[in-house]
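Here is a brief report for a first look. Start with the sequence and the 3D view, then read on.

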Amino acid sequence: MKSTKEKILNTSRVLFNTFGYSNVTIRMIAKALQMSSGNLNYHFKKRDQILEALYFEMVATFDQRIEDLETQTPTLKKMQQEIYSSMKRMVAYKFFWTDLYNLLQINEPIKVHFDAVYERRKNGLSFVFDQLIATNMIKEFESEQQRIFLIERMITYSNTWLYASMLYSKKEFTQQFVLTQTNTLMAFLYPYLSAKGKNDYQAL
């Protein structure tokens, strides 16, 4: 059985996804749960605390994936699977990614964590590239700046694809649509793939 806190977080996430964080009040959340605002305040005194709890709930999986990177041998298939899983989780918390800039400005613990993870994500992608070079899946980079440029483009796309999709395509986030976005991000790698890498990429 779910705890009251879990029910509050799940209901808040649905409301935030539907109406946007800034448009949802504690009273609205309490009404959806059929409880008093006072009862809800016993668990979360401010809406900002709900935001923070949902953020760290969301990124727990992302953080673990980064931690596990160095224990794995990356392949293009594994990379595709990891990106797809991450994008699906982002859809489940889409309110955060569609209002990313503003939410980072109003919650310091979230901003501190997000900034720190940015550095870890850069290091993680660099590690993956080293492994793919070692297995002859991608070519050596011509310069360190070329590597950095690719890493930054991939991270930027992964942070903004959901917002851009809602802004321009207005499509439902079906499994096929998320897979298309996954493969769009994977396509950033294509110019750097070896002949072997291109064969594996075409098989995905």
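## The nonpolar core

This is a predicted model. Its largest nonpolar core holds 61 residues. Those with the most contacts inside this core are L40, I50, M79, F96 and F129.

Take I50 and set aside residues up to four places away in sequence. I50 then touches I8, L9, S12, F16, I26, I29, L40 and F44. One of these partners, L40, is also on the list of residues with the most contacts inside the core.

## Helices α5 and α10

Two packed helices are described by the angle between their axes and the distance between the axes. Helix α5 covers residues 76-92, and helix α10 covers residues 175-186. They pack at an angle of about 130°, with their axes 9 Å apart. The two helices are therefore oblique to each other. Their crossing is right-handed.

From α5, the contact uses L76, M79, Q80, I83, Y84, M87, K88 and V91. From α10, it uses Q175, V178, L179, Q181, T182, N183, L185 and M186. By class, the contact has 10 nonpolar, five polar and one charged residues. M79 takes part here, and M79 is also listed among the core residues with the most contacts.

Is Q175 buried or exposed? Q175 counts as exposed because its relative accessibility is 56%, and the cut-off for exposed is over 50%.

Q175 is found in helix α10. Leaving out residues up to four places away in sequence, Q175 touches Y84 and K88. Both partners are on the α5 side of the helix contact.

Q175 and F129 are 46 residues apart along the chain. Their C-alpha atoms are separated by 27 Å.

Definitions and conventions
Residues are numbered from 1 along each chain as its sequence is written. This is a predicted model: local features need pLDDT of at least 70, side-chain atom pairs count only at pLDDT 80 or more; totals for chains, interfaces and linings use all residues. Side-chain values use heavy atoms; hydrogens and water are left out. Axes are lines fitted to C-alpha atoms, for helices over the stretch in contact, and angles run from 0 to 180 degrees between N-to-C directions. Helices (H or I, at least four residues) and strands (E, at least two) are DSSP runs, numbered from the N terminus. Angles under 35 degrees count as roughly parallel, over 145 as roughly antiparallel, 65 to 115 as roughly perpendicular and the rest as oblique. A crossing is left-handed if the near helix is turned anticlockwise from the far one by less than a right angle, and right-handed if clockwise. Contact means heavy atoms within 4.5 Å. Ala, Val, Leu, Ile, Met, Phe, Trp, Tyr, Cys and Pro count as nonpolar, Asp, Glu, Lys and Arg as charged, and the others, Gly among them, as polar. A nonpolar core is a set of buried Ala, Val, Leu, Ile, Met, Phe, Trp, Tyr and Cys residues joined through side-chain atoms within 4.5 Å. Buried means under 20% relative accessible area, exposed over 50%, partly exposed in between (1.4 Å probe, protein chains only).
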